[in-house]
Amino acid sequence: MGTDEERADEQAAEWLARLNNRSVTTEELEEFYRWRRKPGNAARYAEIESLWRQARALGDDPDIAAAARDALARPRLERMESEARGWRPSRRAVLAGAALAPVAAGASWLLLPMARAYQTATGEQLVVSLGDGSRIRLNTDSRLHVDAGDTGRRVTLERGQAFFEVKHDPARPFEVRAGKAAIRAAGTQFDVHRSDEAVQVVLTQGSVSVDAGAGVPPTLLKAAGECATIGPAGALAVSHVDVEAATSWTTGRLVFHATPLANAIAEANRYSRTRIELEDPSLAGAKVNGSFETGDMDSFVAAVSALFDLKKRTQENRILLSRN
């Protein structure tokens with residue numbers, strides 16, 4: 001493998017660690033997007049992210065675990081000196097180190113048995129690693145409170161959106177509270193979005209019990225893509241959604257599949273202080289398909305303007321779209 005390819009692997013590994021173990025600012029996300037747009041980088045990042053998602057299995061492979069420990073233990077200066085002498089880490093070591101590095105770096109986030117509050121600004125994301133191996137990714141403009149103790153683990157989502165990767169522990173139930181709704185999980189992955197209009201729970205792996213808090217029996221979600229939507233009055237409806245679109249924000253993208261234009265605009269607005277406003281209400285239900293980077297308002301506006309023949313006007317931090 002050429003030097004350029006090896007360097008790209010290392011950069012992808014560094015980006016994975018940066019995006020998964022710290023608060024991520026809008027500027028850092030923009031820097032990441034610029035790097036990912038370069039030929040080949042998106043595929044390398046996807047490969048390393050896939051390996052990270054298999055980190056538990058990798059930990060059981062003695063060869064890969066040893067390679068990962070070596071990659072993590074080797075100081076950066078030492079690696080540079082070795083490379084100057086012609087030594088290069090194997091691609092397997094680089095990828096294994098990337099897969100396990102976020103877990104090691106996340107040790108400073110241990111919460112058990114502490115109670116902590118976390119929040120993000122507009123355009124920012126944050127990853128919180130619990131002491132039991134569970135992880136929470138907090139989306140833009142969100143706030144939650146974590147209380148993890150010996151007898152249970154409770155998260156209160158006060159606003160916004162979070163993606164949960166829960167480690168199974170029968171002795172300490174895992175519960176997410178969002179308004180009156182309670183979501184209980186075990187060894188599960190799911191997304192919770194709390195807005196003024198509703199609480200939406202999307203299952204991506206395992207199963208979750210959703211209690212709407214309206215005095216009716218909880219609803220069990222047990223297939224990937226099942227979605228429970230709880231209205232302000234406590235009414236609960238179950239539907240099926242596209243998992244990729246529902247969780248695309250975790251990879252820094254917004255994916256729309258036949259999404260009403262008004263909904264797509266509202267979703268794009270969550271990631272920027274600049275607000276897009278549709279001045280022609282007759283287009284609110286027009287369908288949008290596409291994939292956009294979170295916070296990239298220019299690309300989103302250009303795409304929908306071309307699709308629906310819209311004109312753009314800018315007023316301070318507002319982008320007004322109309323047919324005239």
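**A close look at the salt bridges**

Tutor: Let's start with R177, which is partly exposed, at a relative accessible area of 26%. Keep in mind that this is a predicted model. The side chain of R177 meets that of E175 in a salt bridge, at 3.0 Å from N to O. E175 itself counts as buried, with 10% relative accessibility.

Now move on to D280 and R323, whose side chains form a salt bridge at 3.5 Å, N to O. D280 sits in the loop between β15 (275-278) and β16 (287-293), while R323 is in the segment after β18 (318-322), so this pair ties together parts that are 43 residues apart in sequence. Here D280 is buried, with a relative accessible area of 16%, and R323 is partly exposed, at 45%.

Next up is R135 with E165, another side-chain salt bridge, at 3.6 Å from N to O. This one also links distant parts of the chain: R135 belongs to strand β3 (residues 135-138) and E165 to strand β5, 30 residues apart. R135 has a relative accessible area of 11%, and because buried means under 20%, it counts as buried. E165 is buried too, with a relative accessible area of 17%.

Note on methods. Residues numbered from 1 in each chain as written. Predicted model: local features only at pLDDT ≥ 70, side-chain atom pairs only at ≥ 80, totals over all residues. Heavy atoms only, no water. Salt bridge = Lys/Arg side-chain N within 4 Å of Asp/Glu carboxyl O. Helix = DSSP H or I, 4+ residues; strand = E, 2+ residues; numbered from the N terminus. Buried < 20%, exposed > 50% of the residue type's maximum accessible area, 1.4 Å probe, protein only.
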